[in-house]
Amino acid sequence: MVSKVIMLVVFFAVMLGVGVYSRNKAKNVNDYVLGGRTVGPWISAFAFGTSYFSSVVFIGYAGQFGWKFGLASTWIGLGNAFIGSLLAWLILGRRTRVMTQKLDAKTMPEYFGKRYDSKALRVVGSIIAFIFLVPYTAGVYNGLSRLFGMAFNIDYRICVIVMALLTGAYVVIGGYMATALNDFIQGIIMLIGICAVIGAVLSGQGGFLNAIKSLSVIPTDPTVTTPALSDSQGLFASFFGPDPLSLLGVVVLTSLGTWGLPQMVQKFYAIKDEKAVKTGTVVSTFFAIVIAGGCYFLGGFGRLFADAPGVVTVLEDGTQKIAYDNIVPSMLATLPDLLIGIVVVLVFSASMSTLSSLVLTSSSTLTLDVLKPLMKKDMKEKTQLRLMQVFVMCFIAISVVIAFNPPTFIAQLMGYSWGALAGSFLAPFMYGLYSKKISKAAVWASYFVGVVFTVTNMFVPIIKSPINAGAATMIAGLIVVPIVSVITPKPNKEKIDDIFTCYDETVVVHKTQSLEE
């Protein structure tokens with residue numbers, strides 16, 4: 001217990017120290033929200049990766065999908081790396097940085113407002129972001145509750161309050177730069193921690209080969225198997241697992257979804273230069289392979305711990321109830337105290353990096369995209385800064401209240417949140433970077449599809465799995481936006497042409513980057 005407490009105290013001290021160090025770099029709105037658009041390559045890459053992966057992935061997703069798909073759940077981590085990170089940087093990174101600087105947009109809703117010339121789109125987009133980022137935050141806290149129940153004999157609510165106060169302190173003091181620097185430190189902890197945990201868990205099962213052998217003889221659960229595979233054996237150790245179609249839905253949601261999440265895309269706004277784009281692309285992809293690939297690979301062995309207390313409960317009618325969020329903590333319960341301490345710091349790092357990104361995004365959108373446009377007079381920069389700091393604390397307070405009564409399963413909560421956000425924002429954001437033909441009505445249509453379908457599916461399940469529903473919502477948005485743009489009035493040609501001049505500016509590069517004479 002002493003070693004675990006010492007590690008946490010040192011971790012907390014470093015996080016606060018970074019916040020104090022960064023306070024001089026957060027004296028205006030641009031610096032507070034985007035770090036002055038001067039964030040270097042490694043910090044940009046780690047900020048993207050650590051905001052992507054939180055306790056939701058490590059505790060919730062790894063446990064649930066590892067149980068359902070076995071080792072095939074590793075595909076989810078690879079999808080996160082190559083679709084959610086690599087392709088996101090290649091397709092969105094550079095163009096996002098260039099256009100948002102041209103528009104002087106600091107948030108995703110502000111981008112919609114200026115790109116499509118509509119204050120209403122900006123305000124409504126901000127409200128959607130705020131509402132559906134709250135359940136995301138609740139999922140982050142819920143993941144921590146399971147871990148602390150295993151590692152410490154203390155009330156989970158104390159853990160939530162400490163985490164909330166610490167995160168609020170360094171975000172309020174240092175803004176984006178404090179968040180980004182802490183993300184870098186937390187990212188290094190996550191890389192070291194996940195490798196150590198995987199090695200220790202597999203060693204406890206007699207090594208990698210023995211763990212594979214044990215997994216391959218577990219009977220297939222018919223509730224997660226497609227009919228064509230119902231009589232197969234060894235599916236939990238197979239290439240595509242017992243339910244390939246559902247697996248594909250998870251890959252789409254957790255990978256493509258990042259392209260439409262405000263707190264993720266905003267990392268591209270802050271990129272410093274071309275080097276940051278190139279290095280960030282490589283580093284963030286590597287980070288995702290190790291962290292996401294490692295988490296889902298570890299979760300794939302979850303069924304070997306079915307006998308652990310709290311994982312499987314047999315109901316009166318003979319059916320089994322699986323506590324998915326207890327699976328990974330049960331895998332870690334037998335580790336040495338030092339390793340458990342590392343895991344605690346690992347999950348704290350993952351959670352705080354995501355939480356800080358969420359609260360900064362929410363506070364900035366409420367201030368810049370709701371209050372500022374509604375004010376008759378221009379809001380002073382100092383007033384904007386103070387309002388954002390107040391909203392940081394308000395958002396954290398709301399999330400703490402929800403965390404005290406967390407929902408049952410993290411994965412379901414995240415499916416609703418990501419489905420609504422990415423379903424609403426992904427298509428108009430991405431198409432808006434490339435096409436001059438996307439209309440204002442198409443953005444409204446995307447908002448409608450993302451929110452209405454998600455909310456309807458919560459109460460009247462059209463698609464039973466929130467994960468598959470979220471993936472379907474995103475794909476629907478990608479189809480609806482171009483169709484609506486064809487049949488609705490086109491945007492003002494002069495304004496759109498002026499916006500797209502940002503891509504036509506001439507730059508001079510070295511011969512190492514171009515062989516043109």
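In which helix does Arg 122 lie? Arg 122 belongs to helix α7, residues 119-151. The model is a predicted one, in which local features need pLDDT of at least 70, side-chain atom pairs count only at pLDDT 80 or more, and totals for chains, interfaces and linings use all residues. Residues are numbered from 1 along each chain as its sequence is written, and side-chain values use heavy atoms, with hydrogens and water left out.

**Confidence and overall make-up**

- The mean pLDDT (the predictor's confidence in each residue, from 0 to 100) of the protein chain is 81, and 88% of the residues score at least 70.
- The protein chain contains 19 helices and two strands; these are DSSP runs numbered from the N terminus, with helices being H or I of at least four residues and strands being E of at least two.
- Among these elements, the lowest mean pLDDT, 72, belongs to helix α2 (residues 29-34), and the highest, 92, to helix α5 (residues 74-103).
- Of the 517 residues in the protein chain, 58% are buried; buried means under 20% relative accessible area, exposed over 50%, and partly exposed in between, with a 1.4 Å probe and protein chains only.
- Among contacts (heavy atoms within 4.5 Å) with a separation of 6 or more, 85% join residues 24 or more positions apart.

**Helix geometry and packing**

- Helix α10 (residues 244-256) has 13 residues and spans 18 Å from its first C-alpha to its last, close to the 18 Å expected at 1.5 Å a residue; the expected span is 1.5 Å times one less than the number of residues.
- The buried residues of α10 include Leu 247, Val 250, Val 251 and Leu 253.
- Helix α3 (residues 41-52) packs against helix α8 (residues 156-204) at an angle of about 75 degrees, with the axes 8 Å apart. The angle makes α3 roughly perpendicular to α8, a label for 65 to 115 degrees, whereas angles under 35 count as roughly parallel, over 145 as roughly antiparallel and the rest as oblique.
- Axes are lines fitted to C-alpha atoms, for helices over the stretch in contact, and angles run from 0 to 180 degrees between N-to-C directions.
- The residues of α3 that meet α8 include Trp 42, Ile 43 and Phe 46, and their counterparts in α8 include Tyr 176, Phe 184 and Met 190.

**Buried residues within helices**

- Arg 122 has a relative accessible area of 12% and is therefore buried.
- Beyond its neighbours within four places in sequence, Arg 122 is in contact with Pro 109, Glu 110, Gly 113, Leu 368, Asp 369 and Pro 373.
- Thr 454, in helix α17 (residues 440-459), counts as buried because its relative accessibility is 5%.
- A polar atom of the Thr 454 side chain lies 2.6 Å from the backbone oxygen of Gly 450.
- Not counting residues up to four places away in sequence, Thr 454 touches Tyr 416, Gly 419, Ala 420, Val 449 and Thr 473.

**Loop residues**

- Asp 104, in the loop between α5 and α6 (108-115), has a positive phi near 55 degrees and is partly exposed at 40% relative accessible area.
- Asp 117, in the loop between α6 and α7, also has a positive phi near 55 degrees and is partly exposed at 46% relative accessible area.
- Most residues other than glycine have a negative phi.
- Gly 310, in the loop between α12 (274-299) and β1 (312-314), is partly exposed at 41% relative accessibility.
- Gly 310 touches Ala 323 and Asn 326, not counting residues up to four places away in sequence.

Key:
A polar contact is a pair of N or O atoms within 3.5 Å; within protein, one must be able to donate a hydrogen and the other to accept it, and residues adjacent in sequence count only if both atoms are side-chain atoms.
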